Amino acid sequence: MRNKSIFSAMMLLISILVILLYPPVHAKEVRGVTDDTIKVGIIGDRTGPTADLQLQVIQAIQSYHRHINEKGGVHGRKLDLIIDDCGYAIPRAMAAFKKQVYRDKTFGLLLGSSSGFMRLIAPKCDKEKLVFITSALSESMIPPEGKYSQYSFYGVAGYSDGIRLMFDYIINNLKEKNPKIAYIYPDNEMGKAGLHTCEETAKKYGIALVTQEILSPGALDATTQVLNLKKANANYVIAHTYISPTAALLRDARKLGYDANFIGTSPTCNDDVVQMAKKGAEKFVAVTCFSSWYDDTPGTVNMRNITLKYYPGTEKPYRNRYYTQGWAMSMLFVEGLKRAGKDLTSEGMVSALETIKNFDTGGIAGPITITPNHHDGFKYNRFMKSDVGKGIMLPATGWKKVSD
């Protein structure tokens, strides 16, 4: 009897030791998270038609994460970036997504390449519990209140917000009674979503778009589009395009004597447009939710100092607003990691991001607020105007919300 009691006690002790030494895997294991690292994925265009935009975003993310790692990481964990090039092609982006989730086992994802791709993977991120901060936001990606993709957060203001501000600027600030507004866009998810907003907003003001013109993402000539805009007698052109096609549009408009007011959405708000279009950009203004590299705010000064430590001599003409965008997205992601705490989980990261209220980036962007029903925290935009002499875009207004 005594031997049986001793045996039972020994078995109990062994069981306790096994539990203590080998806890259940599911209780500790979080994809992409170890005791000293957090894997973070980037899927972006490094070789395709929007590489001139996205390379800046990618390098900013790299610089900010390197800075955080040099300071000891987040709660003792270093950030391990895994970067995949998709060439702005959805099939390649989807292949990269599967690689990042199933082979690399990343905890979170930044950037995302295109609006079409990001709309496709939002439900997949929910299924895989992959925290995703996107770099583009078409209106079609904004679900009804309370129906957001749980794991997707938007690291940029919605295109629709910028377009609505443009109409408000034309009609209420410039006091145009009967503006003839045209819209030019790429035939993709981003462009179609912007068209929907343009048509809805024009209807609200009791006007109609005089024409709609398609300009491909890699276009270097816009002669046909300019002639069509001129024929329609549009005096305001909303350009929801990219850097190279916008520069071509402005150059060809000047060459053909078409003196309209061109107002660009956030993808066009770039110093490269001014430098490429030269005098064609004299009247060009654009909307953006990010400050310029050259702005004199605490956040932008800090960004410049850190970046030039890593990449000395690259300030001009290399840095642009897309670099600032990558920096702001990284700040948001790291802030979520900090708030989530040492015991990091995907669910905890989501909850942490949803506590962000009036987050101050030091002037990199306007105040950021995220709630469980609103994952699009970048709600402030500003107008920028071209300075052809300096070859840069400069602030023309302060931060504005659509509701303002």
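I first note the term on which several entries rest: a residue is buried when its relative accessible area is under 20%, exposed when the area is over 50%, and partly exposed in between, with a 1.4 Å probe and protein chains only. I also note that helices (H or I, at least four residues) and strands (E, at least two) are DSSP runs, numbered from the N terminus.

**Basis of the entries**

I worked from a predicted model, in which local features need pLDDT of at least 70, side-chain atom pairs count only at pLDDT 80 or more, and totals for chains, interfaces and linings use all residues. Residues are numbered from 1 along each chain as its sequence is written, and side-chain values use heavy atoms, with hydrogens and water left out.

**Entry 1: the whole chain**

I looked up the elements and found 13 helices and twelve strands in the chain. The chain has 404 residues, of which 55% count as buried. I then looked up contacts, meaning heavy atoms within 4.5 Å. Among contacts with a separation of 6 or more, 69% come from residues 24 or more positions apart. The accessible surface of the chain is about 17,800 Å², and carbon and sulfur atoms hold 54% of that surface. Such areas come from the Shrake-Rupley method with a 1.4 Å probe; for residues, only the protein chains shown count as cover.

**Entry 2: helix H4**

I turned to helix H4, residues 90-104. The expected span of a helix is 1.5 Å times one less than its number of residues. Which residues of H4 are buried? I listed Ala 93, Met 94, Ala 96, Phe 97, Gln 100, Val 101 and Asp 104. Seen down the axis of H4, these buried residues fall within an arc of 165°, so they line one face of the helix. The arc is that of the directions from the helix axis to the C-beta atoms. I recalled that an α-helix has 3.6 residues a turn, so residues three or four places apart point the same way. On the face turned away from the buried side of H4, I found the exposed residues Pro 91, Lys 98 and Arg 103. The cover over the buried residues of H4 includes strands S1 (37-44), S2 (78-85) and S3 (108-111) and helix H5 (115-128).

Ten of the 13 residues of H9 are buried, so H9 is largely enclosed by the rest of the structure. Among them are Ile 243, Thr 246, Ala 247 and Leu 250. The cover over the buried residues of H9 includes helices H3 (51-70), H8 (223-231) and H10 (271-277), together with strands S6, S8 and S9.

I next looked up Val 273, which lies in helix H10. Val 273 has 0% relative accessibility and counts as buried. Neighbours within four places in sequence aside, Val 273 is in contact with Ile 243, Thr 246, Ala 247, Leu 250, Thr 268, Lys 278 and Phe 284. Val 273 and Phe 284 are eleven residues apart in sequence, with C-alpha atoms 9.4 Å apart.

**Entry 3: helices H11 and H12**

How do the axes of helix H11 (residues 298-310) and helix H12 (residues 321-340) cross, and at roughly what angle? They come within 12 Å and cross at roughly 100°. Axes are lines fitted to C-alpha atoms, for helices over the stretch in contact, and angles run from 0 to 180 degrees between N-to-C directions. H11 and H12 are therefore roughly perpendicular to each other, a term for angles of 65 to 115 degrees. Met 303, Ile 306 and Thr 307 of H11 meet Tyr 323, Thr 324 and Trp 327 of H12.

The buried residues of H11 pack against H3 and H12. One of the buried residues of H11 is Tyr 310, with 10% relative accessibility. Tyr 310 is in contact with Ser 63, Arg 66, His 67 and Glu 70, leaving aside neighbours within four places in sequence. Tyr 310 and Ser 63 are 247 residues apart along the chain, yet their C-alpha atoms are separated by 7.5 Å.

**Entry 4: positive phi**

I recalled that most residues other than glycine have a negative phi. Tyr 88, which is not a glycine, has a positive phi of about 65° and lies in the loop between S2 and H4. Lys 105, which follows H4, has a positive phi near 60°.

Definitions and conventions: Angles under 35 degrees count as roughly parallel, over 145 as roughly antiparallel, 65 to 115 as roughly perpendicular and the rest as oblique.
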